[in-house]
Every structure is written in C-alpha cells, then in structure tokens.
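Trainee: I would like to learn how to read the side-chain pairs and the strand pairing of a model, taking one feature at a time. Could we begin with the charged side chains?

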Amino acid sequence: MSRRRTLGTKKKIALLVSAATVAGGGAFVMASTSNAAPTPKSASESTVCLGLATALGNNQKFIADQRANPDAQSEARIANREAVVAEIKRKQEASGCVVGESAQDSQATQPAQPAQPSAPAASAPASPPAASAPAGNAGGGGAAAGQQVCNGSTVTLSGEGGAPAASSNQFPAGTKLKVTNLDNNKSTTVEVTSVSGSCVLLNNAAFEQVREPGKFLIRRAVIEKVG
C-alpha cells in the first residue's frame, strides 16, 4: 500500500510539472501575440491622415458636383481633379494612411444659414441691401473687404500646382482672401482662380506658405476678404 501511495505521489508531481510547463508556454504565446499588436498612430500621423482625407473628400465632392451640374468647362475641371485625387492617394500610401479614405470639410457639414425674416410684402424692398447680411456670415459671397468669412471652416489643400492661389464655392474668380494659420501665425493672401467644393481651398504653393511641417490640415484659421 505504501509503495502504491509513493508511486501515486510521483505521478501527481509529474502531472503538476507538465501543467506548469503548458501554462508557461501558453503565457509565452499570449505575450508574443500581445507584442505583435499594431502600434497606434501618433497624434502627428493622425493629423496628416485627417488632412489628406479631408483634401480627398473635398476634391471628390467637387467632381460629383461638376458631374451633377455640368457646363462647358466641367470635363476639363474633372480631369484636373482626378489627377489631384490620384496624387492625394499616393501621399496617403506614403504616409501610412488608409488609401482612399475621405472626409468632407467641416464647412460642408454645417447647417445652412437661416433665412432672414421677411418684412410685410407691402414694405419689402425689391432686393435686400448688402448691409443686411450678418457680420461673419459663412456664405461670404457678398462680404465687405476686411470682413472675416468662412467661419468654422478648416483649411486644406486642393492639390493643384502653379503659383499661390485658392479655389472656392463661395467667392467668384478674382476675389482676394487672406488666410492666417493661428497655430503658427503665418498668413498668405491669395486670389481665387477656380471653383471647389469648399469655402476656401489652397493650392500646393499657397498651403506651403502657412502650413506647419508635416501637416495637411489647418484646424484654427482666420479667413478674411481683402479689398
């Protein structure tokens, strides 16, 4: 009986050692799996990806608008913006971002300005005077010189080349806008030369004048109409 109990004890010890070995191996496997998890993007990398996604969304929206409401120049504009879209996707890939990920500019998602209350028909003027527009109206098309416009908009790049310039869906060609990046106090004054899907987009040259290194998005900006 004593010998049987001794053998039983040895077996139990062997089983315990085996269990410990398996448990240790399992812990090693779990540790290895944990170490293999992808490293999250840094804040600067996330900002770069968001800027490129916003730029891509703006250009895609512009292309969609041109196709929905074509004119004599739409085909040329679309071809130009499709080349810009391809370049932004290349930048997304080079920056480690999700290729093809897009986001609309914050201006595009803002609620429309409420209509001005109408006066009684008998006393209503034929057309409302320009001074009746509220100061800082994000619409901005009839804004006075020196007035802040595009309130609440982020600023990104259109991806177009050439001399410093801007594009807009609020201001006609020839309008001059001053864009100030509040994060580094750099500013540039540019002329609107083309149509876009946002209140103001800067081309590559203009964006380089006010950007922070490595960023494709300006969250805190002041945009003014220049006389």
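Mentor: This is a predicted model, and eight salt bridges are found in it. As a general idea, side chains of opposite charge can pair when their charged atoms come close.

Trainee: Which residue forms a salt bridge with E82, and how far apart are the closest N and O atoms?

Mentor: The partner of E82 is R67, with 2.7 Å between the closest N and O atoms. Because E82 belongs to helix α3 (residues 74–94) and R67 to helix α2 (residues 43–68), this pair ties together parts that are 15 residues apart in sequence. As to accessibility, E82 is partly exposed at 39%, whereas R67, at 53%, counts as exposed, since the cut-off for that class is over 50%.

Trainee: Where do E87 and R90 lie?

Mentor: Both E87 and R90 are in helix α3, separated by three residues, which is about one turn of the helix. Their side chains meet in a salt bridge at 2.8 Å, N to O. E87 is partly exposed, its relative accessible area being 32%, and R90 is likewise partly exposed, at 49% relative accessibility.

Trainee: Is R211 buried or exposed?

Mentor: R211 counts as buried, because its relative accessibility is 14% and the class takes in values under 20%. R211 forms a salt bridge with E208, where the closest N and O atoms are 2.6 Å apart, and E208 is partly exposed at 48%. R211 also lies over the face of F216, 4.6 Å from the ring centre. A further case of this arrangement is R81, which lies over the face of F62 at 4.2 Å from the ring centre.

Trainee: How many aromatic pairs does a search of the whole structure find?

Mentor: In general, one describes a pair of aromatic rings by the distance of the centres and the angle of the planes. Here there is nothing to describe in those terms, as the search of the whole structure finds zero aromatic pairs.

Trainee: Let us turn to the strands. Which strands are joined to β6 by bridges?

Mentor: Strand β6 (residues 221–226) is joined to β1 by two bridges, and the two run antiparallel; within this pairing, V149 stands opposite I223. Strand β3 (residues 176–181) is also antiparallel to β6, with six bridges between them, and here K178 stands opposite E224, while T180 faces V222.

Trainee: What is the bridge partner of T180 in β4?

Mentor: In β4 the bridge partner of T180 is S187, so that T180 has a partner in β4 as well as one in β6, by the bridges on which strand pairing rests. Strands β3 and β4 (residues 186–195) pair in the antiparallel sense over six bridges. They form a hairpin with four residues between them, and N185 in the turn has a positive phi of about 60°.

Trainee: Finally, what can be read about a residue in a loop, and where is the place of S158?

Mentor: S158 is in the loop between β1 (148–149) and β2 (166–168), and S158 is buried, with 1% relative accessible area. A polar atom of the S158 side chain lies 3.3 Å from the backbone nitrogen of E160. Once neighbours within four places in sequence are left aside, the residues in contact with S158 are N59, V84, S167, L201, L202 and N203.

Terms used. Residues numbered from 1 in each chain as written. Predicted model: local features only at pLDDT ≥ 70, side-chain atom pairs only at ≥ 80, totals over all residues. Heavy atoms only, no water. Buried < 20%, exposed > 50% of the residue type's maximum accessible area, 1.4 Å probe, protein only. Polar contact = N/O pair within 3.5 Å; in protein donor to acceptor, adjacent residues only side chain to side chain. Contact = heavy atoms within 4.5 Å. Phe/Tyr/Trp six-rings, centres within 6.5 Å; stacked < 30°, edge-to-face > 60°. Lys NZ or Arg CZ within 6 Å of the ring centre and 35° of its normal. Salt bridge = Lys/Arg side-chain N within 4 Å of Asp/Glu carboxyl O.
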